[in-house]
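Here are a few notes to read alongside the model. Have a look at it first, then we can start with its pocket.

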Amino acid sequence: MTAVEAPSRAATDVLSTVFGFSSFRPGQGEIVAAAEAGRDLLLVAPTGSGKSIGYWVPGIAKGGLTLVVSPLIALMNDQVARLQSLGIPAAALHSQVDRDTQEAALASARSGVLRFLYVTPERFAVPAFTAALPGLRVSRLAIDEAHCISSWGHD
């Protein structure tokens, strides 16, 4: 990443109007700019440092569906609730979500309404979900809590 990369005007507008922040924290702007450019990224930062902004802002500014894989149901629920409270269409698919809600979330994702779909790693072992993936037109993929990948297993 070069030092001249900066987030788009749309991204800075989203940061301000949606999240209420006047500027990015150190490093966030470069991450957002790289995400907007479609680059593959790895962000390692401490809890509470604002890592989610790195995919939230591009997901809102650029549109499309962001698929977020997270092993932590409580974190998924918190992030979905936060996004929804800001008027951003978001949903989560995990073992505690009933079938009707899951189907509604997938339908919303297929129709292009949903901006963020959070799923557990185990969701990829569910045939109905993997069959639905091609119809979702995912614009970006974020792996949250990536340090857990090795504990998710080889399958």
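1. The largest pocket holds about 1100 Å³ of space. On a 1 Å grid over the protein atoms alone, a pocket is an open set of points where a 1.4 Å probe fits, with protein on both sides within 12 Å along at least five of seven lines, and lining residues have an atom within 4 Å of a point. The volume is the space filled by probe spheres set on the points, which are joined across faces, edges and corners.

2. This is a predicted model, where local features need pLDDT of at least 70 and side-chain atom pairs pLDDT 80 or more, while totals for chains, interfaces and linings use all residues. Residues are numbered from 1 along each chain, and side-chain values use heavy atoms, without hydrogens and water.

3. Helices (H or I, at least four residues) and strands (E, at least two) are DSSP runs, numbered from the N terminus.

4. Seven of the nine residues of α2 are buried, so this helix is largely enclosed by the rest of the structure. Buried means under 20% relative accessible area (1.4 Å probe, protein chains only). Among the buried ones are Q28, I31 and E36. After α2 comes G38, with a positive phi near 80 degrees.

Technical notes: Buried < 20%, exposed > 50% of the residue type's maximum accessible area, 1.4 Å probe, protein only.
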